[in-house]
Amino acid sequence: MNVLLWPVRRLYRGVVWLANSPRTLILSYAILIAVCGVLYHYFEKTASIGDSIWWAVVTASTVGYGDISPKTVEARVIAGVLISIMVLLVIPLITAHFASKLIVDTDAFRHEEQEELKQNLRRVRLILETLAERDGLTLPDSANRPAAPSDR
């Protein structure tokens with residue numbers, strides 16, 4: 001069963017890698033456009049490479065002006081795959097990336113700040129325990145039982 005899931009896991013890791021960086025997402029988008037444009041040029045013999053790249057950009061953006069449209073079955077399959085990848089993968093990844101940037105709590109402490117706060121709290125706790133011991137007091141959450149009330 002592990003062998004059967006291996007390609008799915010690799011694909012998932014690739015999508016996560018793409019989604020974690022805007023640079024890789026934009027680079028993958030550019031590569032997708034270039035590859036689809038070259039394949040369109042290969043399958044549609046009459047289209048120039050410039051027109052093919054233009055077709056890929058227009059198709060990927062799902063605008064579809066209609067000035068260039070695929071005639072061969074192979075080019076139509078590429079168009080379907082390109083539109084599907086854009087609508088089902090790239091656009092949701094871009095949207096999720098921007099949404100995660102809007103949701104990020106800028107007031108959250110970094111790890112180093114949390115460690116510094118913990119260390120400071122330990123020092124304060126030690127000072128409180130020292131003062132309480134000196135004055136004969138028991139801190140509320142300490143393990144020592146409180147002394148019997150004195151007759152003052």
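Me: Which residue takes a positive phi just after α5?

Reply: Gly-136 does, at about 75°. A helix here is a DSSP run (H or I, at least four residues), as a strand is (E, at least two), and both are numbered from the N terminus. The model is predicted: local features need pLDDT of at least 70, side-chain atom pairs count only at pLDDT 80 or more, and totals for chains, interfaces and linings use all residues. Residues are numbered from 1 along each chain as its sequence is written, and side-chain values use heavy atoms, with hydrogens and water left out.

Me: What is the reach of helix α5 set against?

Reply: It is set against an expected span, 1.5 Å times one less than the number of residues. Helix α5 covers residues 111-135, 25 residues in total. From first C-alpha to last it reaches 36 Å, close to the 36 Å expected.

Me: How many aromatic pairs does a search of the whole structure find?

Reply: Two. In the pair of Tyr-40 and Trp-55, the ring centres are 4.1 Å apart and the planes stand at 15°. Rings of Phe, Tyr and Trp (its six-membered ring) pair if their centres lie within 6.5 Å; planes under 30 degrees apart count as stacked, over 60 as edge-to-face and the rest as tilted. So Tyr-40 and Trp-55 are stacked.

Me: What parts does that pair tie together?

Reply: Tyr-40 lies in helix α2 (residues 22-43) and Trp-55 in helix α3 (residues 49-60), so the pair joins parts 15 residues apart in sequence.

Me: Are Tyr-40 and Trp-55 buried or exposed?

Reply: Buried means under 20% relative accessible area, exposed over 50%, partly exposed in between (1.4 Å probe, protein chains only). Tyr-40 is at 1%, so it is buried. Trp-55 is at 3%, so it is buried as well.

Me: What kind of pair do Tyr-42 and Phe-43 form, and why?

Reply: Their ring centres are 5.2 Å apart and their planes at 70°, so the pair is edge-to-face. Tyr-42, at 52% relative accessibility, counts as exposed. Phe-43, at 25%, is partly exposed.

Me: What lies over the face of Tyr-42?

Reply: Lys-45 does, at 4.5 Å from the ring centre. A charge sits over a ring if NZ of Lys or CZ of Arg is within 6 Å of the ring centre and within 35 degrees of the ring normal.

Me: How do the axes of α2 and helix α4 run?

Reply: They come within 11 Å and cross at roughly 170°. That makes α2 roughly antiparallel to α4. Axes are lines fitted to C-alpha atoms, for helices over the stretch in contact, and angles run from 0 to 180 degrees between N-to-C directions. Angles under 35 degrees count as roughly parallel, over 145 as roughly antiparallel, 65 to 115 as roughly perpendicular and the rest as oblique.

Me: What covers the buried residues of α3?

Reply: The cover includes α2 and α4. Among the buried residues of α3 are Ser-52, Trp-55 and Ala-56.

Me: Which residues is Trp-55 in contact with?

Reply: Leaving aside neighbours within four places in sequence, they include Cys-36, Tyr-40, Ile-68, Pro-70 and Leu-82. Contact means heavy atoms within 4.5 Å.

Me: Is Ile-103 buried or exposed?

Reply: Ile-103 is at 67% relative accessibility, so it counts as exposed. It is found in helix α4.
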